[in-house]
Amino acid sequence: MIDFFGPGFAAAESLGAIMHLRRHSELYGRARYLDPDGRTRARFAMDSFLNAAHGKYFSILRPDIEKGLREWVGNSVTIVHDARVISVQTGRCPDAGGPGTPARAVLADRRSFEAELLVGADGIHSAVRGFLPGTPESGVLRHLGFHVFGYVFDDPGLAAWLGRDVVLSDSLVRQATLYALSDGRVTFFGVIECDNPDPDHGTREALFARFRGLGRHVERALDRRPE
């Protein structure tokens, strides 16, 4: 879940996509910080964000951003699913020396696509960027000392207890956040201190174990962690 406002909101408005995104959005009433005994140590109203953004604010799951954008573009573009880029050839802009050449991307199934503009928007470990000269990943990724995780699970009782509250643990070096979705599911989001930028399975399990003891609602969410 991300808070959607500011430049991103303005961009979606200018594209005409904002209503498709808002259809999948969530609005919460307040945020509460709980200690391990379930006592509220602090709270604030989410309206403060809404008012500060002049109403141009909502929360939305990242997959629902994709879903809303798919609805917005409809059949106006061709979308190729399960595509993996294995090579990229840069093009050349037309100039006085000639008409120029298009950029070219080749997929793992050997299909290729040519265009005047190739945009590598495939994330932090961009395969497209990796094929371009002078853009090594080692110079792009900087570990900040924390890892995050998130998952969604079914628990009607926990969803009813959460209501429209965002519940956070009042804790140091690790924090658990839970909130219910409109469809009745619950999302568990965690952030934890870890110096290892690429922890193995054992280290990840040890990190999850450090969330134990943050409260009965956190224990319940940990017990429902998917494989």
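**View 1. Aspartate 64 is buried, with a relative accessible area of 16%.** The model shown here and in the views below is predicted. Aspartate 64 counts as buried because its value falls under 20%. Its salt-bridge partner is lysine 67, with the closest N and O atoms 3.6 Å apart. Lysine 67 is partly exposed, at 43% relative accessible area. Both residues sit in helix 4, three residues apart, so about one helical turn separates them.

**View 2. Tryptophan 72 belongs to a nonpolar surface patch.** Leu15 and Leu69 are the other members, and the patch covers about 260 Å². Tryptophan 72 lies in helix 4, which spans residues 62-73. Its relative accessibility is 31%, so tryptophan 72 counts as partly exposed.

**View 3. Lysine 56 and glutamate 13 form a salt bridge.** Their closest N and O atoms are 3.2 Å apart. Lysine 56 is in the loop between helix 3 (47-52) and strand 4 (57-60), while glutamate 13 is in helix 1 (residues 7-15), so the pair ties together parts 43 residues apart in sequence. Lysine 56 is partly exposed at 39% relative accessibility. Glutamate 13 is also partly exposed, at 36%.

**View 4. Arginine 212 meets aspartate 223 in a salt bridge.** The N to O distance is 3.1 Å. Arginine 212 lies in the loop between helix 7 (201-209) and helix 8 (216-223), and aspartate 223 lies in helix 8, 11 residues apart. Arginine 212 is partly exposed at 38% relative accessibility. Aspartate 223 counts as exposed, at 53%.

**View 5. Asp35, Asp37, Arg39 and Arg41 form one network.** Salt bridges with shared partners join these residues. The whole structure holds 18 salt bridges.

Technical notes
Residues numbered from 1 in each chain as written. Predicted model: local features only at pLDDT ≥ 70, side-chain atom pairs only at ≥ 80, totals over all residues. Heavy atoms only, no water. Patch = residues over 30% accessible without salt bridge, like charges linked within 9 Å, V, L, I, M, F, W, Y side chains within 5 Å. Areas by Shrake-Rupley, 256 points an atom, 1.4 Å probe, with all protein chains shown as cover. Salt bridge = Lys/Arg side-chain N within 4 Å of Asp/Glu carboxyl O. Helix = DSSP H or I, 4+ residues; strand = E, 2+ residues; numbered from the N terminus. Buried < 20%, exposed > 50% of the residue type's maximum accessible area, 1.4 Å probe, protein only.
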